[in-house]
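Here are some exercises to work through with the model in view. Try each task yourself before you read its solution.

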Amino acid sequence: LWGTRGTIHYLGFGSYAGDYGGSGRTGKTGYLEGQELVVNDDGTFEVILATERPEHAQNWLPMERDTTQLIVRQMFLDRSTETIADLQLECLDGPAVPAPLTPQLVDRGLSQASRFVVGAASMFANWAEGWAETPNTLPKFDPAESLAAHGDPNIVYFHGYFQLAPDEALVIDATPPECDYWNFQLDNHWMESLDYQYFPITVNQHEAIYRDDGRVRVVVSHERPADLDPTVNWLSTAGHDRGVMSWRWVRAAENPQPQCRVVKVAALAELADA
């Protein structure tokens with residue numbers, strides 16, 4: 001795996017066994033953080049993915065015999081100014097010419113692809129339906145379940161389900177700890193991000209407005225309330241009356257629980273100092 005580092009704030013490479021639609025073992029088989037990456041003076045780097053570390057490798061991402069996936073995570077602080085890593089992947093010891101395509105290979109490939117699609121959709125839907133039983137809360141997600149689903153080992157997740165009437169708003173208060181990164185985002189029922197190009201549906205430590213005491217207050221509603229407190233970070237539901245929401249602390253000194261409550265939009269002004 002080779003390319004240029006770019007200026008993206010958070011970069012991570014993970015190798016994983018299993019897939020969302022298969023059976024047997026699933027989970028992390030190796031992880032390499034951007035902070036650990038050895039980068040040349042011109043911004044280029046190379047990572048060797050292998051079951052054993054080659055002697056010449058400056059950067060090594062461990063794999064195991066049953067590794068099936070490589071996942072690259074890149075997280076912005078400021079999307080308008082940062083450049084993502086430019087990556088290329090090359091097999092060093094595979095056949096120079098691939099084997100001829102056969103009906104058996106096509107059948108196996110289509111079967112694997114369909115299992116992945118069904119497995120991913122089922123997993124996310126099951127999670128969403130479970131969180132929907134206690135809407136408008138952000139419980140801590142089980143780290144073991146996160147890793148089994150190919151999560152980032154450096155992230156503690158708080159997942160929940162928002163469900164708001166037209167005249168309601170969700171108020172979330174949190175005190176960010178010392179950490180490499182944090183963000184909050186709104187998704188649809190299938191855990192797909194809402195439309196961030198045209199609507200404010202996410203906030204991170206760079207964009208957030210902080211209160212004097214270090215707290216962050218996020219308000220989620222269908223429309224931007226009139227006379228909104230200037231210390232509030234407002235996010236739009238982008239036309240959705242329900243969906244998934246996620247808070248992440250990345251490499252945090254501690255992982256405080258975000259506090260949620262539903263209020264009437266008309267009563268938001270009364271919460272200015274609360």
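**Exercise 1. Find which residues of helix α1 are buried, and what they pack against.**

Solution. This is a predicted model, so let us read it as one. Step one: go along α1 and pick out the buried residues, which are G119, A120, M123, A125, W127, A128 and W131. Step two: look at what lies against them. These buried residues pack against α2 (143-148), β9 (155-163) and β15.

**Exercise 2. Check whether the length of helix α1 agrees with its number of residues.**

Solution. Step one: helix α1 covers residues 103-131, which makes 29 residues. Step two: the expected span is 1.5 Å times one less than the number of residues. For α1 this gives 42 Å. Step three: compare with the model, where the end C-alpha atoms are 42 Å apart, so the two values agree.

**Exercise 3. Describe the surroundings of R248 and decide what its side chain pairs with.**

Solution. Step one: locate R248, which lies in strand β15 (residues 242-250). Step two: list its contacts. Setting aside residues up to four places away in sequence, R248 touches I155, V156, Y157, Y181, W182, N183 and Q185. R248 is buried, and the nearest side chain of opposite charge, D187, is 5.9 Å away. A salt bridge needs the charged atoms within 4 Å, so R248 has none. Step four: look for a polar contact instead. The side chain of R248 makes one with the side chain of Q185, at 3.1 Å.

**Exercise 4. Is E64 buried, partly exposed or exposed?**

Solution. Step one: find E64 in the loop between β6 (60-62) and β7 (67-75). Step two: take its relative accessibility, 38%. Buried means under 20% and exposed means over 50%, so E64 counts as partly exposed. Step three: see what E64 meets. Beyond its neighbours within four places in sequence, E64 is in contact with R25, T29 and T51.

Definitions and conventions: Residues are numbered from 1 along each chain as its sequence is written. This is a predicted model: local features need pLDDT of at least 70, side-chain atom pairs count only at pLDDT 80 or more; totals for chains, interfaces and linings use all residues. Side-chain values use heavy atoms; hydrogens and water are left out. Helices (H or I, at least four residues) and strands (E, at least two) are DSSP runs, numbered from the N terminus. Buried means under 20% relative accessible area, exposed over 50%, partly exposed in between (1.4 Å probe, protein chains only). Lys and Arg count as positive and Asp and Glu as negative; His and the chain ends are not counted. A polar contact is a pair of N or O atoms within 3.5 Å; within protein, one must be able to donate a hydrogen and the other to accept it, and residues adjacent in sequence count only if both atoms are side-chain atoms. Contact means heavy atoms within 4.5 Å.
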